[in-house]
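This report describes selected local features of one protein model, followed by its overall make-up. The sequence and structure are shown first.

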Amino acid sequence: MHVETDLFPQTSKVFTVAELTRQIRGTLETKFGAVWVQGEISNYKLHPSGHQYFTLKDARAQIACVIFRNTMPPLRTPLADGAQVQVYGNVSVFEARGQYQLSVQILQPRGLGLLQAKFEALKRKLEAEGLFDAARKRALPKFPRRIGIVTSPSGAAIRDILNVLKRRGPWLQIVINPVRVQGAGAAQEIAVAIRELAMPNKNWSPVDVIVIARGGGSIEDLWEFNEEIVARAIFDSAVPIVSAVGHEIDFTICDFVADLRAPTPSAAAELIVPDITDVRRHVDNCARALGRELFNRLRDGQQRLDHARETLRRCLSHKIDSYKRGLLHIAAALQPRKLSGELMSRRNRLVDLNRRLLASPSRTIENAKQRFRRIEGILRVLGPDATLRRGYSITRDTKGNLIRTINDVGPRMRIRTRVSDGEFGSEIL
């Protein structure tokens with residue numbers, strides 16, 4: 001058979017397998033670079049070297065994937081066959097097998113990107129409406145008596161909160177409004193529970209603060225706290241609200257609207273209630289300080305009284321001596337015979353004056369003592385100690401200056417408050 005030589009040009013390059021595969025690799029990597037791909041995991045395998053291999057497939061095609069060791073931090077949920085994921089990586093060719101694959105750098109559950117976009121859109125909307133404004137956020141009461149909690153009655157969050165509150169504030173009254181914290185309809189339950197606690201009714205008395213709590217989880221697990229209906233309920237509440245949703249790294253729309261965001265449910269309990277041990281210690285310190293202040297004032301009053309009594313005694317003694325010297329001088333200058341009657345009269349007046357002058361210091365001192373007792377009684381009724389026992393308190397800054405109005409304090413300022421049986425410290429939030 002005759003073969004036409006022009007069908008096989010002699011000038012065509014003959015590639016080796018490696019050369020052709022390398023050029024295909026270069027073309028693919030240049031053409032696609034890094035891409036996002038979504039699909040279902042199958043044939044997952046964790047190699048002893050630490051690399052992870054799996055196939056990403058959909059109904060029509062599949063592609064091999066590899067996650068090289070140390071490329072990504074450990075996943076919160078281990079990979080498994082059947083998982084729906086989104087991956088980000090570079091298209092490359094494994095030349096030894098002539099197989100193209102995806103080198104994965106980021107992996108997340110399928111749909112996570114859509115939820116994140118929805119989260120950001122709602123966040124921008126509510127922020128533009130002023131729901132996140134710091135100026136509208138209210139300070140929590142320093143000593144709350146009734147606390148409302150919106151959470152699941154069977155979750156770990158409620159146990160953590162109750163343990164901390166029982167230890168720090170045994171006087172507290174706690175109202176739990178149980179709700180579902182995940183699943184369809186949970187957001188509506190949470191919003192209704194917030195409104196019920198914020199508006200007193202026949203079922204319970206008003207609460208001083210409301211805590212919204214849930215344990216940690218993925219963005220899907222916490223999504224009910226990103227719903228607009230929950231954000232509106234928090235914004236409309238007349239009672240200060242603390243958001244304690246998820247762990248420290250988790251953020252929800254609920255956190256931005258609430259008056260205070262706590263990193264964990266346990267931290268929320270510590271933020272809203274002072275430790276009773278610290279309160280008792282502060283009250284004891286205040287009682288001791290007040291006792292020292294009262295003792296010093298009484299001592300100063302006694303010293304002033306003693307000084308006044310001594311001054312009066314010296315003054316009266318000096319006057320008596322002056323009268324005696326003047327009378328003796330007059331008596332020596334006059335003739336005794338002519339003035340004996342007058343001298344006798346003057347002598348009697350002098351004796352009477354001397355008697356009254358000698359008795360005067362005792363009466364003066366007794367009168368002063370009686371006035372001092374009256375003043376002491378008034379001080380006992382109207383003094384600082386009695387005022388504090390009637391429920392008032394005295395607050396000073398760290399330099400000892402009295403705080404009389406709200407304008408005397410500022411954010412992060414530390415203050416000391418004295419009550420009837422001690423004192424305690426606080427920080428302005």
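## Ser-103 in strand β5

Ser-103 lies in strand β5, which covers residues 99-109; helices (H or I, at least four residues) and strands (E, at least two) are DSSP runs numbered from the N terminus. The model is predicted, so local features need pLDDT of at least 70 and side-chain atom pairs count only at pLDDT 80 or more, while totals for chains, interfaces and linings use all residues. Residues are numbered from 1 along each chain as its sequence is written, and side-chain values use heavy atoms, with hydrogens and water left out.

With a relative accessible area of 15%, Ser-103 is buried (buried means under 20% relative accessible area, exposed over 50%, partly exposed in between, with a 1.4 Å probe and protein chains only). Leaving aside residues up to four places away in sequence, Ser-103 touches Val-66, Phe-68, Tyr-88, Gly-89 and Asn-90, where contact means heavy atoms within 4.5 Å.

## Thr-55 in strand β2

Strand β2 (residues 52-57) contains Thr-55. Thr-55 counts as buried because its relative accessibility is 14%. Its contacts, not counting residues up to four places away in sequence, are Glu-40, Ile-41, Ser-42, Asn-43, Gln-62 and Ile-63.

## Helix α3

Helix α3 spans residues 156-168, 13 residues in total, and reaches 19 Å from its first C-alpha to its last, close to the expected 18 Å at 1.5 Å a residue; the expected span is 1.5 Å times one less than the number of residues.

Ala-157, Ile-158, Ile-161, Val-164, Leu-165 and Arg-168 are the buried residues of α3. Viewed down the axis of α3, these residues fall within an arc of 135 degrees, so they line one face of the helix; the arc is that of the directions from the helix axis to the C-beta atoms. Asn-163 and Lys-166, on the other side of α3, are exposed.

## Packing of α4 and α5

The axes of helix α4 (residues 186-198) and helix α5 (residues 228-236) come within 8 Å and cross at roughly 5 degrees. Axes are lines fitted to C-alpha atoms, for helices over the stretch in contact, and angles run from 0 to 180 degrees between N-to-C directions. α4 and α5 are therefore roughly parallel to each other (angles under 35 degrees).

From α4, the contact involves Ala-187, Gln-188, Ile-190, Ala-191, Ile-194 and Arg-195; from α5, Ile-229, Val-230, Ala-233 and Ile-234.

## Whole chain

The protein chain has ten helices and 13 strands. Of its 429 residues, 33% count as buried.

Technical notes. Parallel < 35°, antiparallel > 145°, perpendicular 65-115°, else oblique.
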